[in-house]
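Please read these points with the model open beside you.

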Amino acid sequence: MSKKNSLRFIELVERSMEFRGNIVPVDENLVKKLNRKIDYPAWSSMYIFSDDMVEHLNNLKNAEEKPTVLGFKGKVLANYLWIDIDTKEENTDDVNMNVLSVIKQTKKIVTDIMLNYDLDEKSIRIYFSGSKGFHVGIPTKCFGADNFVSEALPTIFKIMAKEITNNSSCVDFKIYNTTRIFRVPSSKHNKTQYYKVLVSLDTIQKLDTELILKNAKDCIHEETEFNPIVNVKLSQLFDKCCGKSANQFDLLETVESSKNNTKNNKTLFRFPKKGERNDALFRMGVKLFSIPPQYLSNDMVVDIMNLISDAVNTAA
């Protein structure tokens with residue numbers, strides 16, 4: 001396991017997605033920059049990276065390829081478990097109604113988490129995204145993961161988010177990957193011209209969309225008391241999710257290791273030999289669906305099937 005102080009980089013994207021791959025050190029200058037009003041769109045990575053990310057980009061440059069964070073796999077650290085709440089429903093003629101539809105779901109999800117896990121309101125952060133959604137953050141300190149460094153952390157967070165939100169259809173579970181970026185607080189949304197701002201739990205409970213939009217227009221953060229403390233129930237849940245993710249993560253590693261080692265692998269899925277495509281596909285499919293369903297998410301099945309497909313195509 002990596003030491004926490006070796007993880008000191010984030011991706012910072014400013015103005016446009018064209019500028020992805022900008023890896024910067026987490027230092028006083030960055031903190032000052034991110035703690036001010038930003039009159040343009042800006043995003044930062046959900047996770048903190050080690051020198052491995054810098055090496056990843058340098059390797060691409062040396063190979064005369066476009067530097068990109070996509071494809072990077074390495075150990076990461078996180079300060080928050082973020083939950084992205086939104087709805088597909090949208091009435092473009094009424095901004096208040098758009099926000100109201102999401103704030104109702106946000107109120108329900110946050111209330112349920114607080115009641116089910118005895119989470120104090122001082123241990124939670126809620127941001128209006130600047131569009132119509134809300135970002136709910138639970139500090140990793142609350143479940144003893146503020147020093148937890150792992151390549152599997154995004155997988156663990158996805159499982160945990162599904163648990164605490166009861167797999168809500170209003171939560172975007174696609175955000176839980178290593179290179180995901182999140183809109184920076186106090187940055188302006190290019191389409192709506194609203195800023196991402198901090199919202200109090202009281203405002204959420206009152207469904208006060210008028211105040212939220214007023215503050216978002218002027219980049220005003222509500223004053224909220226913030227004092228995260230360790231939560232026993234969330235800590236137990238995190239440990240449980242680590243166990244579940246280990247099964248999923250090890251299985252994906254097994255598939256990927258077979259992809260990278262075609263000669264001497266003794267893994268669950270093997271590369272087929274030339275002329276054995278149909279037989280190999282059948283055998284691998286049987287193995288896949290013999291795995292207990294509690295260890296397989298829909299996304300994981302897709303990942304595995306794509307890897308199997310790559311393997312089978314080489315034997316065509």
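The numbered points below go through these topics in turn.

1. Basis. This is a predicted model, in which local features need pLDDT of at least 70 and side-chain atom pairs count only at pLDDT 80 or more, while totals for chains, interfaces and linings use all residues. Residues are numbered from 1 along each chain as its sequence is written, and side-chain values use heavy atoms, with hydrogens and water left out.

2. Aspartate 84. Start in strand β5, residues 80-85, which holds aspartate 84. Helices (H or I, at least four residues) and strands (E, at least two) are DSSP runs, numbered from the N terminus. Aspartate 84 is buried and has no salt bridge. Buried means under 20% relative accessible area, exposed over 50%, and partly exposed in between (1.4 Å probe, protein chains only). A salt bridge needs a side-chain nitrogen of Lys or Arg within 4 Å of a carboxyl oxygen of Asp or Glu. Which side chain of opposite charge is nearest to aspartate 84? It is arginine 180, 7.1 Å away. For charge, Lys and Arg count as positive and Asp and Glu as negative; His and the chain ends are not counted.

3. Surroundings of aspartate 84. Residues up to four places away in sequence are not counted here. Aspartate 84 then touches Phe134, His135, Cys170, Val171, Asp172, Ile175 and Phe182. Contact means heavy atoms within 4.5 Å.

4. Aromatic pairs. The whole structure has 10 of them. Rings of Phe, Tyr and Trp (its six-membered ring) pair if their centres lie within 6.5 Å; planes under 30 degrees apart count as stacked, over 60 as edge-to-face and the rest as tilted. Tryptophan 82 and phenylalanine 182 make a tilted pair, with centres 5.8 Å apart and 45° between the planes. This pair links distant parts of the chain: tryptophan 82 is in strand β5 and phenylalanine 182 in strand β8 (residues 181-183), 100 residues apart. Tryptophan 82 is buried at 12% relative accessible area. Phenylalanine 182 is buried too, at 8%.

5. Phenylalanine 128 is buried at 0% relative accessibility. Phenylalanine 134 is buried, likewise at 0%. One aromatic cluster consists of Tyr47, Phe143, Phe148, Phe157 and Phe238.

6. Charges over rings. The test asks for NZ of Lys or CZ of Arg within 6 Å of the ring centre and within 35 degrees of the ring normal. Arginine 15 has its charged end over the ring of tyrosine 40, 3.9 Å from the centre. Lysine 196 lies over the face of tyrosine 127, 5.3 Å from the ring centre.

7. Cysteines. How many disulfides does the search of the whole structure find? The count is 0. A disulfide is a pair of cysteine sulfur atoms within 2.5 Å. For cysteine 242, the closest cysteine sulfur is in cysteine 241, at 7.3 Å, too far for a bond. Cysteine 242 is buried at 18% relative accessible area. Cysteine 142 is buried at 0%.

8. Salt bridges. The count comes to 9. Among them, glutamate 11 and arginine 20 meet at 2.8 Å, N to O. Glutamate 11 is buried at 0% relative accessible area, whereas arginine 20 is partly exposed at 28%. Lysine 33 and glutamate 14 meet at 3.0 Å, N to O. That pair links helix α1 (residues 28-34), which holds lysine 33, with strand β1 (residues 7-14), which holds glutamate 14; the two residues are 19 residues apart. Lysine 33 is partly exposed, at 27%.

9. A helix-to-helix bridge. Glutamate 163 and lysine 244 form a salt bridge of 2.8 Å, N to O. Glutamate 163 is in helix α4 (residues 153-164) and lysine 244 in helix α7 (residues 232-260), so the bridge ties together parts 81 residues apart in sequence. Glutamate 163 is partly exposed at 28% relative accessibility. Lysine 244 is partly exposed at 30%.

10. Isoleucine 220. This residue is in the loop between α6 (209-218) and α7. Isoleucine 220 is partly exposed, at 37% relative accessibility. Leaving aside neighbours within four places in sequence, isoleucine 220 contacts Val197, Leu198 and Asn215. Isoleucine 220 and leucine 198 are 22 residues apart in sequence and 7.8 Å apart in space, C-alpha to C-alpha.
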